[in-house]
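Hi,

Here's the structure I said I'd pass along.

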Amino acid sequence: MSRVHTVLGPIPTEELGFVAVHEHIGYGMPGSELDTRWWKTPEQRYEQTVPKLRAFHEYGGRTFVDATGICNGRDIDYYRSLSTKTGVHIVASTGFVGGDTALPFFAQASVDYLMRQFIHEITMGISGTGGLAGVIKVGVSRGGRMTELDKKIYRAAARASLATGAPILTHLAIDAETAIAIFTEEGLPLDRVLFGHADDGVNCEQTRDVWIAEQGGRVGFDTFGYETELEDPPFWARPRQERLAHFLRFIDAHLDKALASADANCSPLGWPGVKGHTVNYIFEDLIPDLHTAGIPDSTIATLFVDNPASFLTLQN
């Protein structure tokens, strides 16, 4: 039986339904939990998060992939309670958002140690909770090129993916040549990798999205909603119509390789987040924009149901 790991246990792939493939329950840089300015009570976190997930479910969303890595605020018991309260499947990540978010203990570890850490979280559970990771997160550190630590994490992720069948989700799709060289050396099929943030306003000009798809990789347009039209846009924002046009060009040629999401934070950790931006941008803005552009429901189902199911299913 094909299956996907969620924080409440494995589920059949066909139960995934509509998937938001790159989101965050709460994301923060290592150490943000020590800054009292940003502390929230459990009640405050629930108050911020539960309505967003319930709305996601009411719109038709069924699965929320939390792309928060080790050291960035994962709380699997909290995720499990949210999933129970809202009926939304939550897929948790092992791995790191980038080498620059790995605490020194992990940064100094070997490829083999990191691989075993990822495998343990996928097969045994995260931090003694019993909640299994369903994806492996990797990423490019600040600076625009993979660091030696990034390369070590990518290699460990490839080996863990081959051992467990779990897919890999990247933070940023820049320096893809280096990433693909590592994955190819390790014998990992590139359809097991989703190269994320191909549409962000900082790196889109340097991201070879079409080339990645031609090599066999999947491409994530997953910063929808971070728009320059916002009252206080983040530095990675991009004009709404420019991002949409980019996405439409890509799916016209490579629909089978495309996935989309909003990369929103339900309850940010250590920063205020972006006001008004939630996972539900997908239903409230993106899908209407796609309909206006003449995209049929069958294509939307491919983007949010079929392609994520193929990607998230454990291949072992």
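Let's start with Arg-37, which counts as exposed because its relative accessibility is 63%, over the 50% cut-off. Keep in mind that this is a predicted model. Arg-37 makes a salt bridge with the side chain of Asp-35, at 4.0 Å from N to O. Asp-35 is partly exposed, at 31% relative accessibility.

In total, the count of salt bridges is 16.

- Asp-175 pairs with Arg-145, with 3.4 Å between the closest N and O atoms. This pair joins distant parts of the chain, 30 residues apart: Asp-175 sits in the loop between β7 and α6, and Arg-145 in the loop between β6 and α5. Asp-175 is buried at 6% relative accessible area, while Arg-145 is exposed at 54%.
- Glu-186 meets Arg-159 at 3.0 Å, N to O. They are 27 residues apart, with Glu-186 in the loop between α6 and β8 and Arg-159 in helix α5. Glu-186 is buried at 18%, and Arg-159 is partly exposed at 33%.

Now the pockets. The largest one holds about 720 Å³ of space. Its lining has 28 residues, with Tyr-27, Arg-142, His-171, Phe-235 and Trp-236 nearest the centre. That lining splits into eleven nonpolar, twelve polar and five charged residues.

The second largest pocket has a volume of about 410 Å³. Of its 22 lining residues, Ser-32, Glu-33, Arg-45, Gly-73 and Leu-269 lie nearest its centre. Here the lining is nine nonpolar, seven polar and six charged.

Cheers

How values were computed:
Residues are numbered from 1 along each chain as its sequence is written. This is a predicted model: local features need pLDDT of at least 70, side-chain atom pairs count only at pLDDT 80 or more; totals for chains, interfaces and linings use all residues. Side-chain values use heavy atoms; hydrogens and water are left out. On a 1 Å grid over the protein atoms alone, a cavity is a set of points where a 1.4 Å probe fits but cannot get out, and a pocket is an open set with protein on both sides within 12 Å along at least five of seven lines; lining residues have an atom within 4 Å of a point. Grid points are joined across faces, edges and corners, and a volume is the space filled by probe spheres set on the points. Ala, Val, Leu, Ile, Met, Phe, Trp, Tyr, Cys and Pro count as nonpolar, Asp, Glu, Lys and Arg as charged, and the others, Gly among them, as polar. Buried means under 20% relative accessible area, exposed over 50%, partly exposed in between (1.4 Å probe, protein chains only). Helices (H or I, at least four residues) and strands (E, at least two) are DSSP runs, numbered from the N terminus.
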